[in-house]
Amino acid sequence: MAGGLLAASLAAGLLAPVSAQAVTGTAALDGEYAFTAKLDIGSRETQRACSGVLVNTQWVLTAASCFADDPAQNPQVAAGKPKWATTATIGRTDLGKTAGQVRQVTELVPHGDRDLVLARLATPVTNITPVTLSSSAPTAGEELRGTGYGRTKDEWVPNRLHSGAFSVDSVGSTEVSITGRDGAAVCMGDTGGPVFRVTGGKAELVAVNSRSWQGGCLGSDETRTGAVSTRTDDVTGWIQRVRLAGKPERAEWRLDEAAGATQAQGSTPPRPAALHGGATTGAEGRKGTALQLDGTSGYASSDLAVVDTDRGFSVSAWVKLDRKPTGAAIAVAQPGKHNPGFELYYSAAYDRWVFNQYSADTSNATPIRAMAAQAGGVTVGKWTHLVGLYDGTSKTLRLYVDNKLVGETALPNAWNAQEGLLFGAGRYDGVMKSFFPGAIDEVQLFDKPLSATAINKIYSLQQIGDPGRPAAAVFTMDEKPGAAGVNGHGDVLPATFFGGATPGKVGIDGNAAAFNGTDGYAKIGQTDGPHLNTQQSFTVSAWAKLDKKPGSAAIIFAQAGTHSPGLELYYTAAYDRWAFNQYSADTPDATPVRAMQPDGTTAQVGVWVHLVGVHDVRAKTLTLYVNGTQAGKTTLSKPFYGGQSSYIGVGSYSGQLKSYFPGTIDDVRLYSTVLTADEVRQLSQQKALNNR
């Protein structure tokens, strides 16, 4: 497999990879460097071994070349299920024992520009701490350490993890050149293994092994012990996004604007959907361009689900049939394991537009349809606007066609499908069917049932938000002809600065915004514009630094209700600690329900701190994390929806602004889901991840 480097291309000054490689050095003690993984890939003629490193309870980072057909020619690998069956053994220092855990690798996510790939494990690893990711580049002369399960100087297939010390020779834009100390070398089987610095007794990952000379390795006459490793310090953002791929940010305000900016732009990670079969971009659309589908093999797919289909949600799309098919033609669907959690489509059997969910996520389930009472109303070659929604309060499916409610039906037992998103086809027990012959444009999904007023706005090609909660995902389908996929994103409103709010200050990573503590703040949604349903589970995170300790509360981020906030992440002067809360009710006399740091701890002035608040509606808890560690938890039995504007640097109480923050705030993020303790810890380690 990929690994050791040959001198064949020395004339060009390059090292060329051969088959897979490992670190010859000191045998690791039992339990030492437990984050190191051994990868067994393929069988018989395709069998190979590599090393890797646990970066999340369900992800191992390794070299992409480990999975490539011919790493010497092309070290890259396709995304998706591994071509060869792969087993990862993590935390087993001595392979002859039973310590550690073994998992199958189910998915590969390559970086694309580097010899890096993230490998998803079938189930999370427990009781093994993932490595800490460093965002500081290695420097020439620095001593690093590497680990691996590869060949040593006297063993072809060692049964134990080894480690060695390496000196940094040079640092490039994507790679780092290292040389082994005291006989250490990277050998066959070590490819993908971690290269890390040790700070205060803690390992911090900076690279993974890519290729080497294999000097000192059994069977090699080479004397050079140099190696090339792929840098990871500057792709921590990519690693984090993949680790949280199922949990992308609902909104983020990085606050990286330059001095003088009047607004901080919001963003979300992209939601790419790959094209398959007869799917093409650049067709004439209802607005701009559209996705064109041939009706036999064409569709687009994303691994990311958007909405919870067992709670209130809506899906909107413009569609145009080129012909009436003889079967169903799916415009948009969010699949489950066996059946879709929703489908918006044309039914040939009923000759009308339909919105449905199935009775259950089982092979023998039946569709529950909202549709017009009579057949007809479907015109080939005409753009038609469809909105399907589920009202979780009334437990009803509704279908709107061209701004008119045409049908509704009861859905008493909605279930949650989370197996991605499809445009132009449906998936049933893993089989793609019901291809759409025509064009699809301007798809929007909302984590709420839309009102008739909102549907009218979308029909008029207007945006929802301010007023209203904006779309959780938008696919404009405006890609140019020949694109390999279509990209979606969440709608995020900008944060407008007021008073003594000053962007362009030095942040935890890049720029940040400073607030004077008396009248400086940023408002998100000038009429209203909440991005979270605070009645449901969510996570909020931010970096903050106090310039001084104020005499009253100092709000970092809040989403307001009519009278009381639906959430606040803040400093409490009364307790001299960091806190996260919601109020007991959205009333003027409500009291705060706080999760805060324990007695004996105090907030510090002039020090950056990472704060995360998590609301888990199922557990009925509010949890505060400070610098990646749980600091407080409390019970919240009756959350409410704070549906007004959001604020950075101030709170709002019955419309009055109070509790201004004196200091600097950076990288505010919202998630419409619960982040686990491990995900919070790793988010904190990365500082403010920019879009690397």
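Visitor: Which conventions apply to the residue numbers and to the predicted model?

Guide: Residues are numbered from 1 along each chain as its sequence is written, and side-chain values use heavy atoms, with hydrogens and water left out. In this predicted model, local features need pLDDT of at least 70 and side-chain atom pairs count only at pLDDT 80 or more, while totals for chains, interfaces and linings use all residues.

Visitor: In what order do the eight strands of the open sheet stand?

Guide: Strands of a sheet pair through backbone hydrogen bonds, either parallel or antiparallel. Strands are DSSP runs (E, at least two residues), numbered from the N terminus, and two of them pair if DSSP finds at least two bridges between them. Here the order is S30-S29-S28-S27-S34-S25-S22-S39, with antiparallel pairing. Strand S30 (367-371) and strand S39 (485-488) each have a single partner strand, so one side of each lacks a neighbour in the sheet. Neighbouring strands are turned by 20° against each other on average, direction ignored; the axes are lines fitted to C-alpha atoms, and angles run from 0 to 180 degrees between N-to-C directions.

Visitor: How many bridges join S29 to S30?

Guide: Five bridges join S30 to strand S29 (residues 352-358), and the two run antiparallel. Tyrosine 358 has proline 367 in S30 as its bridge partner.

Visitor: Which strands close into a barrel?

Guide: The barrel has six strands in the order S5-S6-S7-S10-S9-S8, paired antiparallel. Its twist averages 40° from one strand to the next.

Visitor: Why is strand S49 described as largely enclosed?

Guide: A residue is buried under 20% relative accessible area, exposed over 50% and partly exposed in between (1.4 Å probe, protein chains only). Seven of the eight residues of strand S49 (residues 609-616) are buried, so the rest of the structure largely encloses this strand.

Visitor: Which strands pair with S49?

Guide: Strand S44 (residues 538-546) pairs with S49 in the antiparallel sense over seven bridges, and tryptophan 543 stands opposite histidine 610 in S49. Strand S50 (residues 621-626) also runs antiparallel to S49, joined by six bridges; glycine 613 has leucine 624 in S50 as its bridge partner. Four residues lie between the strands in the hairpin of S49 and S50, where lysine 620 takes a positive phi near 60°.
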